[in-house]
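Try each task before you read its solution.

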Amino acid sequence: MNAQNVDNKPKVRKESKNKIRVEFDRTPLKERLKAKFLSMFFLKKVVWYVFRLVLLIGVSYIVLFPFFTKIAGSFMAPEDFVDVTVRLIPKNWTLNTYKAIWVDLEYVKAFSNTLLLSLSTAVVQMFVCCFIAYGLAKFKFKGNKFVFMAVIFSLIIPHQTLQLSMFMKFRYFDILGIFKLFGGGGLSLFGKTITNNALASFDIFPAAWKNFTPNGLNLTNSFWPLIILSISGLAFKNGLYIFMLRQFFRGVPDELEESAYIDGSGVFHTFLTIILPISIPMMITVFLFAFSWQWTDDFYTTMFFTSTKTRMLSKLVEVPKSLETNYAGQNLYYAAIRNTCGIMIIAPLVVMYLFCQRYLVQGIERSGLTAD
């Protein structure tokens with residue numbers, strides 16, 4: 001009896017639905033519209049839709065309006081800044097600001113230097129942090145938690161507290177103390193003395209070799225400080241990258257590695273052939289973060305690149321000499337010029353994000369930032 005009732009229930013429900021649908025279709029159009037659009041359910045749906053639309057428009061306005069004003073101001077002539085009738089749309093369109101930044105501030109040279117520095121440090125940080133995070137996630141050894149706590153602690157310490165010590169370390173770089181052994185005359189190697197002039201003939205980062213002293217090498221105004229920090233896993237935000245990758249590796253099944261070990265694969269071979277290929281989305285995310293933060297960094301670049309001859313995008317926010325003027329709207333005009341510099345700095349990052357946003361979202365979803 002119970003089985004018969006169970007078998008009949010779907011049939012009764014289906015017939016009831018069809019009956020209600022047929023009766024609704026036979027009712028007059030006016031009654032159908034009234035029942036559909038004058039119900040409390042429809043009213044709640046409309047109110048919720050309008051609320052979401054107004055909220056999204058308001059948030060978009062708050063977020064995007066400053067960008068619109070900066071972009072519009074970059075095309076304004078000096079007289080537009082003293083014209084009270086000009087708001088967002090310029091009356092006198094001009095590209096003089098962009099031309100001055102391109103030529104006077106040597107934008108191409110600054111772009112090339114920043115691209116080379118950001119690309120090299122991002123690639124190094126990606127692989128180094130991946131290697132460190134894999135060791136912390138998959139290998140149990142004494143001091144594992146202590147090392148991980150040190151990684152997290154590196155995120156808490158303000159970089160300003162380490163500024164002087166880092167600068168002095170790379171201003172007189174002598175990690176092994178070898179320069180204190182030969183005084184100031186030169187480095188003795190295989191019975192021959194290598195002087196400053198001989199070291200200056202090196203083509204790779206020659207500025208680092210021109211001014212070596214008994215206290216060490218002068219690595220400032222070169223890429224070496226940031227590259228060394230990246231290799232050692234101590235560069236800007238490396239603690240965050242290690243944490244993200246560690247959380248990802250903890251979610252990788254141990255069976256993958258165990259099966260590789262059974263087949264005779266070693267630890268490094270397993271890491272290179274199995275772990276890295278499945279970590280590509282996460283590695284791309286770390287690369288994008290490292291590249292973007294290095295691209296817009298002004299802390300390390302200002303600290304290590306002390307020479308005005310070294311052109312970097314982060315040091316490009318200044319008024320070109322060809323645009324210097326003296327009139328009533330000078331402050332507004334100079335602010336618009338600096339805003340234009342900022343637009344030209346972040347424009348490559350916007351283009352890169354448009355092409356890589358899919359990998360960025362995938363990496364964040366797989367990072368397991370909310371996991372233990």
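**Exercise 1. Find which backbone oxygen the side chain of S314 reaches, and place S314 in the chain.**

Solution. This is a predicted model. Start at the side chain of S314, which reaches the backbone oxygen of D297 at 3.0 Å. Finally, look at its surroundings: leaving aside neighbours within four places in sequence, S314 is in contact with D297, D298 and T301.

**Exercise 2. Decide whether the rings of F131 and F268 are stacked or edge-to-face.**

Solution. The structure holds 27 aromatic pairs. For F131 and F268, the ring centres are 6.1 Å apart and the planes meet at 15 degrees, so this pair is stacked. As for accessibility, F268 is exposed at 57%, while F271 is buried at 7%.

**Exercise 3. Describe the phi of K237 and say which ring K237 lies over.**

Solution. Begin with the backbone: phi of K237 is near 70 degrees, a positive value in a residue other than glycine. Most residues other than glycine have a negative phi. Then locate K237 in the loop between α10 (224–231) and α11 (238–250). Last, turn to the ring: K237 lies over the face of W293, at 5.2 Å from the ring centre. W293 itself belongs to a cluster linked by ring pairs, with F236 and Y241 among the other members.

Notes. Residues numbered from 1 in each chain as written. Predicted model: local features only at pLDDT ≥ 70, side-chain atom pairs only at ≥ 80, totals over all residues. Heavy atoms only, no water. Helix = DSSP H or I, 4+ residues; strand = E, 2+ residues; numbered from the N terminus. Polar contact = N/O pair within 3.5 Å; in protein donor to acceptor, adjacent residues only side chain to side chain. Contact = heavy atoms within 4.5 Å. Phe/Tyr/Trp six-rings, centres within 6.5 Å; stacked < 30°, edge-to-face > 60°. Buried < 20%, exposed > 50% of the residue type's maximum accessible area, 1.4 Å probe, protein only. Lys NZ or Arg CZ within 6 Å of the ring centre and 35° of its normal.
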